[in-house]
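Please find below a note for a colleague who is opening this model for the first time.

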Amino acid sequence: MHIDLGMLMDGERLGGEEGGEAVEEENAPDESVSPEEVDVLQEIVAVIESAAQLGDYRRTQRKECYNLVRRLKLLLPLIEEIRDLDDAISETGIESLWNLKKAIGLAKRLLKICNEGSKIYLALETEVVKVKFHKVYERLTQALDALPYDQFGISDEVNEQMQLMIMQLRRARRRTDTQDIELAMDLMVVFSKNDDRNADSAIVERLAKKLDLHTPEDLKNETLAVRKIVKERGGLATESIQQIIDLLNKFKQIAGVEVTNILEEPTLPYKMLEKLPSLVIPHEFLCPITLEIMTDPVIVASGQTYERESIQKWLDSNHRTCPKTRQTLAHLSLAPNYALKNLILQWCGKNNFQLPEKHVLMEPDNSFPGQREEIQSLIEVLSFGQLEDQRKAVIKIRMLSKENPENRILIAESSGIPPLVHLLSYPDSKIQEHAVTALLNLSIDEANKKSIAKEGAIPAIIDILIKGTTEARENSAACLFSLSMVDENKITVGLSNGIPPLVELLQDGTIRGKKDAATALFNLSLNQMNKVRAIEAGIVPPLLQLLKDRNLGMVDEALSILLLLASHPSGRQEIGQLSFIETLVEFIKDGTPKNKECATSVLLELGSSNSNFLLSALQFGVYEHLIEITRSGTSRARRKANSVQQLMRKYEQIP
């Protein structure tokens, strides 16, 4: 998954933080000041030390950042030896040190991006950020190569250390570590452009944990980082930025944090704090959900205190746990915390701090029963109404189920799932289409997944997958994917003969249909018996076709499924009967870093059980490409390539 945000580097400038202003050379010397008069060594040390103190890098770039910081620290002994030099440094020597300092400055700015930037953006733009790291490695290599070590009187030990570092930097420039397959698949699902789709909540939760965006404080900081991206683009939210905002809002919904318009300026308390930078609000005065000062603090059953409006929204979303402690609440009563409210008021008066006004809006509370009444009325029509009325009602239920989590819970609590499942078998293709899409939306709720399956929906969904309209088939595949997040539903789909029509959709569907089928088949194939069913249904030929037609943009998905299938004897046998090895070698040679990583993994899986696969790969010239991967591939790809070579030596197929 890649969203182009115009982040590529240009000349001597390194693309800016989150794609905004370019990162200029840091602290370049004033042209009017002679280089001899500037303590460049002191500035180099200062930049390295400040860079080393950043820490807490974004997870997707953390390893690369720590490696870069470690290399920067290795420069300190070099600087100390130059400082101890008795002779004056020549103009050429000082110029070379300034170039080194500029390269280190670029490194620091990149580290700062990975320390403060949007976590979602950095996860999406891993390839672009890698280009930045490579540019930094190149600049550091050039600067270190140009240093006059003999003139500086550098010891042999430090000189050897610098030469080793230069060699490591050159090697690092050829490496392109990528995110894991699961993260890539999850991002692909949540960013798929489907009008009536909501990403499965389990996937969104998994992404939130992977990106460390599951606490109110994490989400508050991410909001500020995304707002900074928007500000640097003149306040305009492009389509790609809107996708980032949409995913951030999904994370907020899961964490119980209020979803606000991220394009607006920060709320009143933040404006006040900007005017009074020395004023720090006591931590105990802040609501754990919104991280804003509380105006109406209340105590829940766990003993924790929250802003009334925020915790009420959490409870209204069918949560029955304390957001902070995660323990189940014994009851849902809210008790005013008068003592804390008085302390807050006293502190505000003493510090001349004005509390934000809270406008009590009764409409949401009054409309909640009305919404329930509307939903119950619609469900009654679904069960007993005339055909045209049923069609209108199911369309309305479909739209309501898409809008928000509260509606999905209300529909389920109002016994809306059974009549929707019944309509799946109704002899009207449009009613079937709306019903299966409504169930897809409802399945976002974890409890609804099991309820839908218990009502016997899976066989009916599979029937629509076979006979329905184009959109109904696509949404049926997406619904099976969502339901199969529950392991027992994976088994039910397999036993209900749901895999063959998914394979057919993978082969003959629209691009959207192929993607829906691929994600469903990937998830279902995590079950061993479903692997056999997929192979028997003929999944391998359409997967190979996806590898050949790169314009579809589904190479990674196809290779991921093939990797799962290759772990089963039937999968290895089926793959071996086709001219698959040559295609695999082509991706090992010319694919993207991610393609090479996965293709090498598939070859290792195949070769571990049958040396003939390795022999075939050798005949197609794989060996030299494996050597290249061990030098410049991703970390995982290098490990897999080394393992493949070890197998080849074991089977005495290479020296």
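The points that follow are meant to be read beside the structure.

1. Basis of the note. This is a predicted model, in which local features need pLDDT of at least 70 and side-chain atom pairs count only at pLDDT 80 or more, while totals for chains, interfaces and linings use all residues. Residues are numbered from 1 along each chain as its sequence is written, and side-chain values use heavy atoms, with hydrogens and water left out.

2. The whole protein. The protein has 35 helices and 3 strands, where helices (H or I, at least four residues) and strands (E, at least two) are DSSP runs numbered from the N terminus. Of its 655 residues, 51% count as buried; here buried means under 20% relative accessible area, exposed means over 50%, and partly exposed lies in between, with a 1.4 Å probe and protein chains only. The accessible surface comes to about 30,000 Å², and 48% of that surface belongs to carbon and sulfur atoms, the areas coming from the Shrake-Rupley method with a 1.4 Å probe and, for residues, with only the protein chains shown as cover. Among contacts with a separation of 6 or more, residues 24 or more positions apart account for 72%, a contact being heavy atoms within 4.5 Å.

3. Helix 2 and helix 6. The axes of helix 2 (residues 62–73) and helix 6 (residues 126–145) come within 12 Å and cross at roughly 15°, which makes helix 2 roughly parallel to helix 6. Axes are lines fitted to C-alpha atoms, for helices over the stretch in contact, and angles run from 0 to 180 degrees between N-to-C directions; those under 35 degrees count as roughly parallel, over 145 as roughly antiparallel, 65 to 115 as roughly perpendicular and the rest as oblique. The crossing of helix 2 and helix 6 is left-handed, a term used if the near helix is turned anticlockwise from the far one by less than a right angle, with right-handed used if clockwise. Glu 64, Cys 65, Leu 68, Arg 71 and Leu 72 of helix 2 make the contact with Phe 133, Val 136, Tyr 137 and Leu 140 of helix 6. By class, this contact of helix 2 with helix 6 has 7 nonpolar, no polar and 2 charged residues, with Ala, Val, Leu, Ile, Met, Phe, Trp, Tyr, Cys and Pro counted as nonpolar, Asp, Glu, Lys and Arg as charged, and the others, Gly among them, as polar.

4. Helix 25 and helix 26. Helix 25 (residues 499–508) and helix 26 (residues 511–524) have axes that come within 8 Å and cross at roughly 140°, and helix 25 is therefore oblique to helix 26. Their crossing is left-handed. Residues on both sides make the contact, including Leu 502, Leu 505 and Leu 506 of helix 25 and Ala 517, Leu 521 and Leu 524 of helix 26. The residues of this contact divide into 10 nonpolar, 2 polar and 2 charged.

5. Helix 32 and helix 33. Helix 32 (residues 593–607) packs against helix 33 (residues 611–619) at an angle of about 135°, with the axes 7 Å apart, so the two are oblique to each other. Leu 603, Leu 606 and Gly 607 of helix 32 meet Ser 611, Phe 613, Leu 614 and Ala 617 of helix 33, and the contact has 5 nonpolar, 2 polar and no charged residues. Pro 593 lies in helix 32 and is partly exposed, with a relative accessible area of 24%.

6. Burial around helix 22. Which residues of helix 22 (residues 457–467) are buried? Ala 457, Ile 458, Ala 460, Ile 461, Ile 462, Ile 464 and Leu 465 are, and what covers them includes helix 20 (429–442), helix 21 (446–454) and helix 23 (470–483). Glu 433, found in helix 20, is buried at a relative accessible area of 3%. Leaving aside neighbours within four places in sequence, Glu 433 is in contact with Arg 398, Thr 469, Glu 471 and Ala 472.

7. Backbone points to check. Most residues other than glycine have a negative phi. Asp 212 has a positive phi of about 55° although it is not a glycine, and this residue lies in the loop between helix 10 (201–210) and helix 11 (216–232). Asn 497, also not a glycine, has a positive phi of about 65° and lies in the loop between helix 24 and helix 25.
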